[in-house]
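Reader: Could you take me through this model, please?

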Amino acid sequence: RDSIVMLASAVANGRCVAHAPVARVAKTHRSRVAQPLRAVGTGESSATSSGEASEGPAPPALDSEMGVDYAPFKALLEAGEWEKADDEHRRLMCVLAGEDAEDREWVYFTEVDNMPVTDLRTIDELWKFYSNNRFGFSVQRKIWISQKKQWAKFFKKIDWTTGENGDYRKFPQEFQWRADAAPGHMPLTNALRGTQLLAALLEHPAFGPGLPPRTSEGSFFEGTASKETPVRLELPTVGGTIDVVGRFGKFVVLFGQELLK
């Protein structure tokens, strides 16, 4: 009887020892399966626990209707050089807008209509691919619409402004050149001269329904072919208003002093 008890105990202990590594292997197996198959920006794939390789999605094709070379832009994004990629992106916008924009090195909002859908989508797909769908015009458009196309709320959401007054970040030192920046933080579009350029880009047929017709003065009609809220001009921020009032006050003081001389 004693030998039977000892035998049963040994078997029970043997089972415990045998099952422990099996549990650890199973846990390790699950953790390997849960790993992403593609490293961001590299297109590399990793093997599953069964030894079979699974390829990740291929980078976007560098299509262009204008024969533009997007390889340098792609390389900067792939290397995680976000600020340099944004600089190259800005140069590409001027190329797509035409020779006049290239000469002045900035784009006027009426020139956005000339930008091919294919090229804008290529640029957007590259931004999205190498940021895990975090950056790009189409990403910004979704956020803009979610904020009812209210610019102040949109800029705050994508972290282009700071403080209670919604002051614009100083370019380039205050912008977040990181992969974990707020969704929609890149690409940057200068909105200090107004929001018409950014509105034209976000409403371009590459991403949206296109802008409503413009008057001879360049402003937008209220009507639009889509069911979305039409583009409206926004009031200046509180910080901007205070700044303008302050500058005007200084001018009045200086003018008064000159009159008293």
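This is a predicted model: local features need pLDDT of at least 70, side-chain atom pairs count only at pLDDT 80 or more; totals for chains, interfaces and linings use all residues.

Reader: How many helices and strands in the protein chain?

Author: The protein chain has 9 helices and 2 strands, taken as DSSP runs (helices H or I, at least four residues; strands E, at least two) numbered from the N terminus. Their order from the N terminus is α-α-α-α-α-α-α-β-β-α-α.

Reader: Which residues touch the most other members of the largest nonpolar core?

Author: They are Met93, Val107, Met115 and Phe154, in a core of 47 residues. Such a core joins buried Ala, Val, Leu, Ile, Met, Phe, Trp, Tyr and Cys residues through side-chain atoms within 4.5 Å; buried means under 20% relative accessible area, exposed over 50%, partly exposed in between (1.4 Å probe, protein chains only). Helix 3 gives the largest share of this core, 8 residues.

Reader: And what is Met115 in contact with?

Author: Beyond neighbours within four places in sequence, Met115 contacts (heavy atoms within 4.5 Å) Met93, Leu96, Ala97, Val107, Leu120, Leu201 and His204.

Reader: Changing topic, is Phe248 buried or exposed?

Author: Phe248 is exposed, at 56% relative accessible area, and belongs to helix 9, residues 238-260.

Conventions
Residues are numbered from 1 along each chain as its sequence is written. Side-chain values use heavy atoms; hydrogens and water are left out.
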